[in-house]
There are 2 protein chains.
Amino acid sequence: MNKPREFDHTVLTELQALLGDRVTTSAGIREHHGKDESYLPYAPPDAVVFPLSTEEVRDIVNICRRHQVPMIPYGVGTSLEGHILAIQGGVCVDMGRMNQVLAVHEEDMDAVVQAGVTRKQLNEFIKHTGLFFPIDPGADATLGGMTATRASGTNAVRYGTMRETVMSLKVVLADGRIIQTARRAKKSSAGYDLTRLFVGSEGTLGIITEVTVKLHPVQAAMSAAVCAFSSVKGAADTVIQTLQSGVPIARSELLCATTMAALNRHNKTSHREMPTLLLEFHGTEAGVIEQAEMVQEIARENGGLDFQWATKPEERTKLWEARHNAYFACLQLKAGSRAISTDVCVPISRLAECIVETTKDIEKASMPIPLFGHVGDGNFHLVILIDPASRKDMEEAKAINLRVVKRALAMEGTCTGEHGIGIGKQAYLQEELGDAVDLMRDIKRSFDPENLFNPGKVVRL
Amino acid sequence: MNKPREFDHTVLTELQALLGDRVTTSAGIREHHGKDESYLPYAPPDAVVFPLSTEEVRDIVNICRRHQVPMIPYGVGTSLEGHILAIQGGVCVDMGRMNQVLAVHEEDMDAVVQAGVTRKQLNEFIKHTGLFFPIDPGADATLGGMTATRASGTNAVRYGTMRETVMSLKVVLADGRIIQTARRAKKSSAGYDLTRLFVGSEGTLGIITEVTVKLHPVQAAMSAAVCAFSSVKGAADTVIQTLQSGVPIARSELLCATTMAALNRHNKTSHREMPTLLLEFHGTEAGVIEQAEMVQEIARENGGLDFQWATKPEERTKLWEARHNAYFACLQLKAGSRAISTDVCVPISRLAECIVETTKDIEKASMPIPLFGHVGDGNFHLVILIDPASRKDMEEAKAINLRVVKRALAMEGTCTGEHGIGIGKQAYLQEELGDAVDLMRDIKRSFDPENLFNPGKVVRL
């Protein structure tokens, strides 16, 4: 299944007639499009195209289908499970030049964007409206890519993930038809939920060209705090008790001592190198003070030290930039390393136990393994740092990943909270959902009968 | 397509061997299961079965499939678009005796229930936990039925609909396999979103036997208010401006003067018979006061009279019971009438305009037409009261419904915010989503190749 199919070069001639110099087979560009942020081996496509419109994507799909050439939609290449690797060759459809914000409906609190718009670009564009787009994976990913991986980030505990945020999609189907999955109403019971089916489909069911997303009002008051704890468990329990008390906390990120050390080194900061929560409160002036007081009390009872506050916008920005760079800061703990990133998510009642057990794996490991994550959602990551040339490192890392996934599954959790399946987690998907995966194969066959959309990802046929 | 298929009576023998006296062909029971709350003609099934377990549902599915007999899952029969009418005959699968709450995870704030548990039953069961289940359609529907119609209600503006609330489902597939669509983690990127595909599937893709739902903490303070307005537009604008200001309002229901009159008559109350908002605020003591002050100010600017407060639990309960009974209270405005209920939902920026235009239709109509709805979501209903024996009434009502749907579609809205497609809205679904409906047909064929699950609903093959 994974062997590249024969690439029919007449397809190039047709693509060039359509797109001119927006088709390339340059080795450098192909290589750039054949790797993501994962540990998986590079797999460059045969060609890369840069469409400017939904109609061009449709024409690309029609050409590729006639020649039976795989198509791999591409955002900025920051996926973590090999989603965009061209393991069967084919044409990479780089959506980066479809980067127009098409409409911002301030009264409705939504925006319609082309798939290549990035999250920071959108937030910059709407800054004057008093609204913001909350989903923030570490990278400045495109909204198309974030839709395709069902991404989330630090704000999900309050504002949801891409699952809750995408309202409607424009999609090019395998037969070249263009559909809109839903109207712009806030809710609907009109038939099967096609929108949610494409959210998380990883480019395997169609090519997403436009995304309609919910926006949220910027709250009157926002403040962030850093709080160190004597134990990881105390930090996790603080978040669990906060949620149970009904405090609408906006962000609640846990970082282990190793991660704090990596951040200090990377950002030249001097935070305590202890298990730490980064918290953020959104609301009215009075509401934020009230929330913060409640959480401080809960933290104290769980071994938390004093809160260090970041209330000015620039202090908050600096804090969250540091958090968003945690993955890259961790990579620098070991020169020349790459990372296998775990992504389990468990019911929060099991979170402290899951993290404590996992910490024992980390202590036994031969490599540094920072741990951090979105504990309000029950989701945390290990960044297992490996020497990419070392088979031993790779084996050890895979064994740790497997142990963590099995632990999470035993606790009614999932193998992936936000990174997706790609190539790397297909075996775990089967273990997690059993016969339900057959239904996913049925959907794939039904939507893409010739298996040309990102073949070999999510489920194999 | 709609003619009942030949009913093979050997299927009865097999069902009786499985279920004993939990199979019936009694005329009274069949008739009761062959009507819902819609205006559509009765269509009783050939038999009704009452399973007690997922395994029994599986066995029923296997028997019916072998005999090519349609199966119609049934909750309490309160759907509004003919969802449960046995238009091709077959076996009605009444889930009402699968009414066990299987687990309540207080720390995780979720519950696992059998499909026949009703929303009030669940809330009664969890009352001691400090948690509640927010989705509240007018009727005391089952969670299985609410899942199948993607129901919502008065709390959706803050807590979401069944789309956001269902975490995982146990489903019996057409080939008799039993799947679980997701783990119990709060979020996941593990493959295609099967959960969301069954939410809103109206019994056409499989039989839902268990539902895992999110619960929410009961807030420290809750208060409700009634506010009359000089115009419907002022009331709608108040809600729009409230949402834009970021106030996390819990409920915001609009009722027209006719609806208020119906409620007064039905409940022996003396509310002003003017366009009215019912509002509810949830939060901390201080937060609720702050929210209420902001909304009072907004209401005043839009022609709102004084707020009448309901802060005691029993006063609030009475107020919301009155709202939930609005549909039934309206039916009593005209003796012996049935209702065609519209259910459009538009982007909130268009809501005031949509309601004002629709009010002109109402003024021209020959029958009373109360208007009320969930204006925070852009969703409102007309209850068009018809004499079921009058062809003229029926024609007029259908014409009004069509006008309202076309108006909503022209405003980027949907023909159904929460009632679903059933039989009654299939033509509108096609108009609303065009070629996307073909994908729904593909999904139906793929999941139910013999078209035995609630055939003729959502999409026809």
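This is a tour of a predicted model with chains A and B, one selection at a time.

**Stop 1: both chains**

The same surface serves both copies, since 100% of the contact residues of chain B recur in chain A.

**Stop 2: where the chains touch**

Select the residues of chain B that are in contact with chain A. There are 71 of them, and they meet 71 residues of chain A. Which elements of chain B each supply at least two residues of this side? They are helix H7 (162–165), strand E9 (178–180), helix H8 (194–198), helix H9 (232–244), helix H11 (285–301), helix H16 (426–433) and helix H17 (436–447). Colour H17(B) separately: the largest share of the side of chain B that touches chain A comes from this helix, with seven residues. Colouring by class then shows 26 nonpolar, 26 polar and 19 charged residues on that side of chain B.

**Stop 3: the domains of chain A**

The domain assignment gives domain 1 as 10–96, domain 2 as 98–217, domain 3 as 221–329 and domain 4 as 334–420. Now keep domain 3 and domain 4 of chain A, whose C-alpha centres lie 21 Å apart. Between them, 18 residues of domain 3 are in contact with 16 residues of domain 4.

On the domain 3 side, the elements of chain A that give two or more residues are helix H9 (232–244), strand E13 (251–255), helix H10 (257–267) and helix H13 (326–331). H9(A) gives the most, with seven residues. The residues on this side of domain 3 of chain A divide into 12 nonpolar, three polar and three charged.

**Stop 4: helices H1 and H3 of chain A**

Stay in chain A and select residues 10–19, which form helix H1, and residues 54–66, which form helix H3. How do their axes run, parallel or antiparallel? The axes come within 10 Å and cross at roughly 165°. That makes H1(A) roughly antiparallel to H3(A). H1(A) passes H3(A) in a right-handed crossing.

Show the side chains next. H1(A) makes the contact with A:Val11, A:Glu14, A:Leu15, A:Leu18 and A:Leu19, while H3(A) brings A:Glu56, A:Asp59, A:Ile60, A:Ile63 and A:Cys64. By class, this contact of H1(A) with H3(A) has seven nonpolar, no polar and three charged residues.

**Stop 5: helices H9 and H14 of chain B**

Switch to chain B and select helix H9, residues 232–244, with helix H14, residues 351–364. H9(B) was among the elements supplying the side of chain B that touches chain A. The axes of H9(B) and H14(B) come within 9 Å and cross at roughly 160°. The two helices are therefore roughly antiparallel to each other, and the crossing of H9(B) and H14(B) is right-handed.

In H9(B), look for B:Val232, B:Lys233, B:Ala236, B:Asp237 and B:Ile240; they meet B:Leu351, B:Ala352, B:Ile355, B:Val356 and B:Thr359 in H14(B). The residues of this contact divide into seven nonpolar, one polar and two charged.

**Stop 6: helix H15 of chain B**

H14(B) passes H15(B) in a right-handed crossing.

Which residues make this contact? From H14(B) come B:Cys354, B:Glu357, B:Thr358 and B:Asp361, and from H15(B) come B:Ile400, B:Arg403, B:Val404, B:Arg407 and B:Ala408. Coloured by class, the contact of H14(B) with H15(B) has four nonpolar, one polar and four charged residues.

Notes:
Residues numbered from 1 in each chain as written. Chains lettered and ligands numbered in written order. Predicted model: local features only at pLDDT ≥ 70, side-chain atom pairs only at ≥ 80, totals over all residues. Domains from an automatic or database assignment. Contact = placed C-beta atoms within 7 Å. Helix = DSSP H or I, 4+ residues; strand = E, 2+ residues; numbered from the N terminus. Nonpolar A, V, L, I, M, F, W, Y, C, P; charged D, E, K, R; others polar. Axes fitted to C-alpha atoms, helices over the stretch in contact; angles between N-to-C directions. Parallel < 35°, antiparallel > 145°, perpendicular 65-115°, else oblique. Left-handed = near helix turned anticlockwise from the far one by under 90°. Least-squares fit on C-alpha atoms with pLDDT ≥ 70 in both.
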